[in-house]
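Let's take a friendly walk through a protein chain together. Have a look at the picture, and then we will go from the overall layout down to single residues.

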Amino acid sequence: MEGNKSWIAEFILVGFQLTEEMELLLFGIFSLLYIFNLLANGIILGLICLDPRLHSPMYYFLSHLAIIDMSYASSNLPNLLANLLNHKKTISFILCTLQMIFNLSFASIECLILVVMSYDRYVAICHPLQYTVIMNWRLCTVLAITSWACGFSLALVQVILLLRLSFCGPQQVNHFFCEIRSVLKLACGNTWINEIFLFADGVFILVGPLSLMLVSYVHILWAILKIQSKEGRKKAFSTCSSHLCVVGFYFGIAMMVYLVPDNNQREEQQKILFLFYTLFNPLLNPLVYSLRNAQVKSAFHRVLQKKRTR
C-alpha cells in the first residue's frame, strides 16, 4: 500500500457488547437454534429424496430452499458461536471475504428460488392441464442452475469491487459477521461505486422478483376465486398462503436492510434484523411447509411406518 496505508490481516467483529455470562447463555440458545435448523431442513430434504410422491417440481425447488437455508446459516453461525464461546472477536481477511461471498450468494439464490416457486404455483393453479408440459424436469433443472449461477455471480461482483479498495483501519467491523456494508465503512478509498452496485443489486434481486411474485399471486388469487369446489379453493389457498408467508418475511427484512438508506443510528437495529434473519428465517421454511402441508406430513408418517415395520 502507498503512503501510510497498511494491509489489514484480520478484522475485529464488534457484534453486541455483552458480558461473558450473557455470551455463554446466547451460545447455548444459538447452538440449539442452529442444530434445530439443520435437523428441520435436513428432514425436509430427506423426505423429498426418499418419498417418490414428493418427486414433483414444487418439492424439487423446496429441496433447494432447504439446502440454501442450511448453507446460509452455516456461513454465519459457526463463526458467531466460536466468538461467543471463546470471547474472541477476530476473523482473518480471507475468511471475512469468503463469508461475504457465501452470505450474499445464498441470500440472492433464495430470492430467485422463491420467484421460481411462485411461477410453479402460478402454472399449477392457473394452467393445471398444461402443468406437466410447462414445468417439465428440463425447465426445472435450468431454472435451478440459473438461480445458483446468478446468485454466486452477483456476490462475486460485489466482493471483487470491494477487494479493489484498501483498508487502513480501524479494524473493527460493527457487526457480528462480515456484512459487506459494514466492511465497506472501513475502506480508505471512495466507495460510491460499491454503494451504487449494492443498491442496483438490491433492486434487481429484491424489487424485481417481488414484483414478479405479486403479479403471479394476483393471477393465482383470481384463479382460486373462480374454483367452484370449496375443498379445491381451500387446498389451493393453503399451498399459496404458505409460500406467501415465507416471501413476506424474507423480502420484508431484506428490503429494510439493503434498500433503506444506511446511517449510524440504524446500525444496532440492522444487527438485530440480521440476527433474526440468520437464526429464524432458515427455520421458517421447514415449519411452514411441514406444519401446513398435508403431503409432507403424510410422507413423514410413511417414513416412520417403514422404519417400524423393518
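This is a predicted model: local features need pLDDT of at least 70, side-chain atom pairs count only at pLDDT 80 or more; totals for chains, interfaces and linings use all residues.

## The overall layout

The chain has ten helices and three strands. Read from the N terminus on, its elements follow the order β-α-α-β-α-α-α-β-α-α-α-α-α.

How much of the chain counts as buried? Of its 310 residues, 48% do. Contacts tell us something about the layout as well: among those between residues at least 6 apart in sequence, 81% join residues at least 24 apart.

## Two helices side by side

Two packed helices are described by the angle between their axes and the distance between the axes. Here, helix H2 (residues 57-86) and helix H5 (residues 137-163) pack at an angle of about 20°, and their axes are 10 Å apart. Because angles under 35 degrees count as roughly parallel, H2 is roughly parallel to H5. The crossing of the two helices is right-handed.

Which residues meet where H2 and H5 pack? On the H2 side they are Pro57, Tyr60, Phe61, His64, Ile67 and Ile68. Their partners in H5 are Trp137, Cys140, Thr141, Leu143, Ala144 and Trp148. Sorted by class, this contact holds ten nonpolar residues, two polar ones and no charged ones.

Is Ser75 buried or exposed? Its relative accessibility is 13%, so Ser75 counts as buried, since the cut-off for buried is under 20%. Leaving aside residues up to four places away in sequence, Ser75 touches Gln99, Phe102 and Asn103.

## A disulfide and two other cysteines

A disulfide is a covalent bond between the sulfur atoms of two cysteines. How many disulfides does a search of the whole structure find? The search finds one. Cys96 and Cys178 form a disulfide, with their sulfur atoms 2.0 Å apart. The link of Cys96 and Cys178 is left-handed, with -120° about the S-S bond. This pair ties together distant parts of the chain, 82 residues apart: Cys96 sits in helix H3 (residues 93-126), while Cys178 sits in the loop between strand E3 (172-173) and helix H6 (180-184). Both Cys96 and Cys178 are buried.

Two other cysteines are worth a look. Cys111 has 2% relative accessibility and therefore counts as buried. Cys150, at 23%, counts as partly exposed, because that category lies between the 20% and 50% cut-offs.

## Leu26 and Gly28 in helix H1

Now move to helix H1 (residues 20-50), where you will find Leu26. Gly28 has its place in helix H1 too. Leu26 has a relative accessibility of 19%, so it counts as buried. Gly28, at 31%, counts as partly exposed.

For Gly28 and Leu81, 53 residues apart along the chain, the C-alpha separation is 8.8 Å. As for contacts, Leu26 touches Leu18 and Leu84, not counting residues up to four places away in sequence.

Notes:
Residues are numbered from 1 along each chain as its sequence is written. Side-chain values use heavy atoms; hydrogens and water are left out. Buried means under 20% relative accessible area, exposed over 50%, partly exposed in between (1.4 Å probe, protein chains only). Contact means heavy atoms within 4.5 Å. A disulfide is a pair of cysteine sulfur atoms within 2.5 Å. Helices (H or I, at least four residues) and strands (E, at least two) are DSSP runs, numbered from the N terminus. Axes are lines fitted to C-alpha atoms, for helices over the stretch in contact, and angles run from 0 to 180 degrees between N-to-C directions. Angles under 35 degrees count as roughly parallel, over 145 as roughly antiparallel, 65 to 115 as roughly perpendicular and the rest as oblique. A crossing is left-handed if the near helix is turned anticlockwise from the far one by less than a right angle, and right-handed if clockwise. Ala, Val, Leu, Ile, Met, Phe, Trp, Tyr, Cys and Pro count as nonpolar, Asp, Glu, Lys and Arg as charged, and the others, Gly among them, as polar.
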